[in-house]
Amino acid sequence: MAAIVQDRAGRILICERSDTPGAWQFPQGGIEFGETRQEALAREVLEEISLRRKSYSIAAVRGPYRYRFPAGIKKKGFRGQAHHYFLLRLRGPKSLINTAVANGEFSQARWIRPDEFDLTWLPPMKRRAYRRVLRDFFGATELHD
């Protein structure tokens, strides 16, 4: 699952990966055994950006959006990923977001308009899925890549 956090002005949160400077994405993660998608969402956004469940509402869910890893690469036995994307409306100040958490997956975060997302911030394998996500949720069709 992946989370698109949106503020009251319509901007969305993107986070820069700690392990790949210049790579920006939405918070995302897997579903652990016995979890529902909503439980995984709550756990992942808390772990990755310190956002508590009471601090957002779920406005929409779409998916799955799929991508494949480059040839010969597998993660946990899989050759790709499928994510359901959750559009979350932030209920409060942006200071609720904190990327300086224990797991350190992200080094920083910023807020952009959906049509400002630059697909070159992503590895090539994810670009098609993100293009579809941004089109389906926000009607963004003129994305740079």
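1. Surface. The protein chain exposes about 8000 Å², and carbon and sulfur atoms supply 48% of that area. The coordinates come from a predicted model. Of the 145 residues in the chain, 41% are buried.

2. Fold. Two helices and six strands make up the secondary structure of the protein chain. Their order along the sequence is β-β-β-α-β-β-β-α. The radius of gyration is 14 Å, close to the 15 Å that the globule rule gives for 145 residues, so the chain is as compact as a globular protein of that length.

3. Extent and contacts. Taken along the principal axes, the box filled by the C-alpha atoms is roughly 45 × 40 × 30 Å. Among contacts with a separation of 6 or more, 67% join residues 24 or more positions apart.

4. Largest pocket, size and centre. A probe the size of a water molecule, rolled over the atoms, shows where empty space is left. In this model the largest pocket has a volume of about 880 Å³. Its lining consists of 30 residues. Those that lie nearest the pocket centre are Q28, G29, G30, Q81 and H83.

5. Largest pocket, origin of the lining. Strand β5 supplies the largest share, five residues.

6. Largest pocket, composition. By residue class, the lining of the largest pocket holds 11 nonpolar, nine polar and 10 charged residues.

7. Strand β4 covers residues 56-68 and contains R62. Is R62 buried, partly exposed or exposed? Its relative accessibility is 33%, and R62 therefore counts as partly exposed; the partly exposed class runs between the 20% limit for buried and the 50% limit for exposed.

8. R62, neighbours. Leaving aside residues up to four places away in sequence, R62 touches H83, H84, Y85, D136 and F137. H83, one of these contacts of R62, is also among the residues nearest the centre of the largest pocket. For R62 and F137, the sequence separation is 75 residues, while their C-alpha atoms are 8.3 Å apart in space.

Terms used
Residues are numbered from 1 along each chain as its sequence is written. This is a predicted model: local features need pLDDT of at least 70, side-chain atom pairs count only at pLDDT 80 or more; totals for chains, interfaces and linings use all residues. Side-chain values use heavy atoms; hydrogens and water are left out. On a 1 Å grid over the protein atoms alone, a cavity is a set of points where a 1.4 Å probe fits but cannot get out, and a pocket is an open set with protein on both sides within 12 Å along at least five of seven lines; lining residues have an atom within 4 Å of a point. Grid points are joined across faces, edges and corners, and a volume is the space filled by probe spheres set on the points. Helices (H or I, at least four residues) and strands (E, at least two) are DSSP runs, numbered from the N terminus. Ala, Val, Leu, Ile, Met, Phe, Trp, Tyr, Cys and Pro count as nonpolar, Asp, Glu, Lys and Arg as charged, and the others, Gly among them, as polar. The radius of gyration is taken over C-alpha atoms; the globule rule is 2.2 Å times the number of residues to the power 0.38. Buried means under 20% relative accessible area, exposed over 50%, partly exposed in between (1.4 Å probe, protein chains only). Contact means heavy atoms within 4.5 Å. Accessible areas come from the Shrake-Rupley method with a 1.4 Å probe; for residues, only the protein chains shown count as cover.
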